[in-house]
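Please walk me through this structure in the viewer. Tell me what to select at each stop and what to look for there.

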Amino acid sequence: MTNFVSLTRMRIQLALRNRMFIFFSVIMPMGFFFLYSGVFAQSVPYKVAYYLGPILSLTVMGSFWGLSAALVMFREQGILRRFHVTPITPGDMLASSIVANYVLTLPTVAVELFFARTIFHVHNFGDWSSIFLLMTVGIISFGSLGLVVASVTNTMQETQVINQLLWLPLIFLSGATFPLAFLPKTVQRVGLFLPATYLVNGLQQAVFHDRHPWQLRVEWLSLGSWAVLTFFVSSQLFRWEPESKIPRKAKLWALATAIPFFFLGIWEIRKDDIIREAKVSFFEVEHPAMPQMPPSVAQPEKPSASDPSGKPSQPAAKP
Amino acid sequence: MADSILQVENLVKHYGNVQAVRGVSFHVDEGEVFGLLGPNGAGKTSTVEMLEGLRTRDSGRISVCGLDPQENPGRLKHEIGAALQSTSLPDKIRVMEALRLFSSFYKRHRDPEELLKRFGLVEKRNAFYNQLSGGQKQRLALAMALVNDPQVLFFDEPTSGLDPQVRREIYDIVEELKREKKTIVMTTHYIEEAERLCDRVAIIDHGQVIALGSPRELKDRSGDKTRVEVRLTKPDSPDVLKNLEGVTECRELNGIYILQAQRPPQAIVSLVKHLEIHGNELLGLEILTPSLEDVFIELTGRRLRD
């Protein structure tokens, strides 16, 4: 346990001294924040609130870039070997990356929320417990995905290629860039097989529609169990040595991480909840009841618990 | 044998079709500096990494501090310290942070301040790892091997790639550890290093121990003959040269004639006479007192660093 704590502390220190980290984990998410809030949401408070879901999701999902790159670099440079002759276990190594990344991502999220309030006058952030829960399972699960990528690739180049291949569908088909409701039906359905879709939708519903954790149980439970699975797979595939080969079973293990969202996707296509929720939110943002509204009430009303459809009882906002 | 701190019996390791280690056996006593000497690719690093628990063996038996590295890796790692080959630390870790971090992993530890002083790194305590010179990095690697006050130290090619002056610094450090009666297992492909630092040496070639003993014993085995190495303008026959007065043996290696001489002055006089008669000339001549290199050449017919 103390090994894990000292490793985590070291990784936080190292990350803060690393310019790449600062760029990818602080500057880039902030860039997304201002792009979405200022341009897509045109600085309109309730629209900014709508886009906070995608903005926070991008910040969370970025975890897998940093974690995969760091682990591959540690292995390629022989840094992991040095730890291998100490009593450090693979579990210490992997868990410290996840926890350090968690600790480092939260301040960025806090600053984004702070700016949303001070610069863009968003006053209602919805359900804090849902936001916190989804952020947590999101950071852990996407971080673990990065560790799995690091384990099925040999070089930094390979890692970056795989990261790109994952990143593009994750951001384009999940609603993180284009709202899900805006995408063609087939693409929406593909999106339902991606963990990112559940994160984006969950965070959007938490902020924009004030959904509490029970209403978002599909989202956080699926991401939570995916986090456990991906972390387990990453620990099975962990390699200390740069020259040790990727076992053949590794690719099967890596594929196994897609299983939960494969089944959830099939189920969601039949139920259609996620897409319906996304459509409702999108509609509310595009057709507010009143075009001009004071920032303080720029939020839809909290849905009543008895409302079976989960839709808000009122469109976007009231004067 | 029973009181040896480290025992290896019939160790075997394959990588695919390549047999890297083929039945290596030796033992190391407490307080001894034991060297594995051999050319690159001889299987030294594979052997040491199996002892450290970094690699699994295919067969054979290993006991380090009474523990099997494969069955008890967790416990063993508290008892050993290692300076590995081809390893590194994160660029932006400071010297003192690295020492403190690594010592925090162990049950038993030494004072990092004392290690800094001892390895001449006090001024560099706040330097980032990537700001250190090759020699400083190696000194830090050795210091880090000592953070847990280990029972057995493993130094894998501790001076490889360092310039001669830095190499001597490292020798001084190892000699000091030797005076403290630390048990050290080191690999090297430098003859001087093995001769100067090791109490006993196992010469390894193609994954096998081909000779084992103290440097003195090994050299004695080579007959204590001085070696005269000559280069000639025209080729000559080793069979002719070995019949010259004072020469007991001759062989040719890459255009260099290696003469074993019991009485070097006589051998040189007779060689010069012989060359004059045959219109041949000396391009170069070197007289070498016996070293482990001779032992290696004698056993394998090759130089250590071919």
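**Stop one: a tryptophan and its surroundings**

Select Trp226(A) and show what surrounds it: beyond the neighbours within four places in sequence, Trp226(A) is in contact with Ser141(A), Phe142(A), Leu145(A), Pro195(A), Thr257(A), Pro260(A) and Phe261(A). Keep in mind that this is a predicted model. Trp226(A) belongs to helix H11 of chain A. Trp226(A) counts as buried because its relative accessibility is 3%, under the 20% cut-off.

**Stop two: along the helix**

Stay on helix H11, which covers residues 217-237 of chain A, and select Ser234(A). Is Ser234(A) buried or exposed? Its relative accessibility is 0%, so Ser234(A) counts as buried. With neighbours within four places in sequence set aside, the contacts of Ser234(A) are Leu94(A), Ser144(A), Leu147(A), Val148(A) and Ser151(A).

**Stop three: the largest cavity**

Next, turn to the cavities. The model has three cavities of 30 Å³ or more, and the largest holds about 70 Å³ of space. To display its lining, select Tyr50(A), Ser174(A), Gly175(A), Pro179(A), Leu180(A), Ala181(A), Thr197(A), Val200(A), Asn201(A), Gln204(A), Ala278(A) and Phe282(A). Colour helix H10 (195-208) and helix H14 (273-286) of chain A, as each supplies at least two residues of this lining. H10(A) gives the most, with four residues. Colouring the lining of the largest cavity by residue class shows seven nonpolar, five polar and no charged residues.

Methods
Residues are numbered from 1 along each chain as its sequence is written. Chains are lettered from A and ligands numbered from 1 in the order in which they are written. This is a predicted model: local features need pLDDT of at least 70, side-chain atom pairs count only at pLDDT 80 or more; totals for chains, interfaces and linings use all residues. Side-chain values use heavy atoms; hydrogens and water are left out. Buried means under 20% relative accessible area, exposed over 50%, partly exposed in between (1.4 Å probe, protein chains only). Contact means heavy atoms within 4.5 Å. On a 1 Å grid over the protein atoms alone, a cavity is a set of points where a 1.4 Å probe fits but cannot get out, and a pocket is an open set with protein on both sides within 12 Å along at least five of seven lines; lining residues have an atom within 4 Å of a point. Grid points are joined across faces, edges and corners, and a volume is the space filled by probe spheres set on the points. Ala, Val, Leu, Ile, Met, Phe, Trp, Tyr, Cys and Pro count as nonpolar, Asp, Glu, Lys and Arg as charged, and the others, Gly among them, as polar.
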